[in-house]
Amino acid sequence: LRAQLRERLPDFMVPTAITVMDKMPLTPAGKIDRKALPRPESIQLAGVDYTAPRTELETLLAQIWESFLPAERIGIHDNFFELGGHSLIGVRMVARINKELDTQLQVAALLTAQTIDKLAQLIEKGGVPVRTLIPLASSDLQQLFLIHPVGGDVLCYSDLAQALKSEFSVYGLRARGLEGQPVFDNMSDMVEHYVHEIRAIQPKGPFRIAGQSLGGIIALAVARQLESEGEQVDRVFLLDTFSPNHLRQAFKTDADVMAAAFGRNPSNVAQPENVAGSEDYERHLYRTAVGSGMISQDVPEPTFKAILRVAVNNHRLASQTEVESLRANVHHFTAQDNPAAKPSGATWQGAPLNISFHKVAGGHETLMQGVNAAPLARLISNLCK
């Protein structure tokens with residue numbers, strides 16, 4: 001049931017536990033009595049025996065995990081993602097850990113330390129340095145690099161990376177600025193940095209690069225830079241990516257970008273003296289997002305502001321990009337359940353690319369999540385053969 005729901009709902013709306021009841025408890029007025037609803041039973045992971053926390057740190061981490069996930073007893077070897085964790089829970093949970101332990105963990109740490117045992121070890125070692133390239137499912141197999149979407153992080157690729165790991169060594173590239181660093185001033189600097197990171201792992205081609213949504217535009221720019229350096233790029237995969245021209249037409253201002261992100265138009269603060277980057281504007285957006293339930297109050301305001309600035313900057317750079325011709329084969333995957341007025345693939349008509357189009361199940365984000373991850377991974381693998 002959860003797998004089916006992930007095909008139709010955003011990740012954060014999918015229940016992490018389901019309790020079957022004969023009937024719903026009602027109040028005298030005939031409405032659902034929410035206070036009388038039973039607590040969801042703990043999720044049992046197949047093949048994983050419960051192992052209790054052994055140290056004070058592991059005990060604290062287990063308590064924090066249990067406060068975000070509907071499991072009454074989480075063992076140190078239980079997997080965050082298999083328990084129903086996703087990017088929004090990850091942001092909140094890491095923020096709580098950093099507050100309780102005075103650490104500076106990145107949300108991406110959950111990709112390399114998906115259990116309490118491994119996360120405790122990471123914290124005891126002082127965490128990990130802020131970095132762009134994150135191993136999602138690394139091995140000795142051929143490399144595949146996944147470039148972040150508009151929000152800048154790569155936690156969204158966790159399902160797809162697991163589905164790809166039998167064929168590829170998968171790495172993700174995170175945006176700069178998520179920890180408060182300055183964002184890239186221009187696309188050239190971003191691309192140069194990403195190419196450097198990629199070649200540190202894979203010095204020579206052929207390269208395979210992918211990106212979901214806006215990340216696909218950046219993937220094309222990275223491929224163009226690699227080809228200009230004399231390298232072979234075998235495949236570029238665009239996962240429900242809209243063209244830069246479409247982004248320019250659909251989102252003309254920063255306020256438009258935020259209206260799409262938050263589902264409402266913050267026009268009352270989008271004045272010339274009060275635009276994205278100003279404290280008043282960002283504070284208003286934060287309060288609006290928390291007040292409407294779009295994000296949890298567990299997400300600190302500085303974290304929200306960093307994500308906001310990264311998203312606006314990524315959109316600005318990607319929408320200004322001029323698509324150039326490539327020798328590489330480009331494959332575009334259009335999400336069949338994306339409710340956008342114009343399918344993403346249709347926005348690439350006339351682009352100077354050797355591009356083929358494929359329709360895949362799922363929505364804009366869910367095409368690579370849950371039950372949709374494995375079919376998409378198989379298609380990517382087959383196209384690489």
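Pro206 sits in the loop that runs between helix 7 and strand 4 (207–212); helices (H or I, at least four residues) and strands (E, at least two) are DSSP runs, numbered from the N terminus. A cis peptide bond, with omega of about 5°, links Gly205 to Pro206.

The model is predicted: local features need pLDDT of at least 70, side-chain atom pairs count only at pLDDT 80 or more, and totals for chains, interfaces and linings use all residues. Residues are numbered from 1 along each chain as its sequence is written, and side-chain values use heavy atoms, with hydrogens and water left out.

Two residues other than glycine have a positive phi, as tabulated.

Helix 8 (214–228) and helix 7 (187–201) each supply at least two residues of the lining of the second largest pocket. Helix 8 gives the most, with 6 residues. A pocket is an open set of points on a 1 Å grid over the protein atoms alone, where a 1.4 Å probe fits, with protein on both sides within 12 Å along at least five of seven lines; lining residues have an atom within 4 Å of a point. The lining comprises 16 residues, and Met187, Val191, Ala221, Thr321 and Glu324 lie nearest the centre of the pocket.
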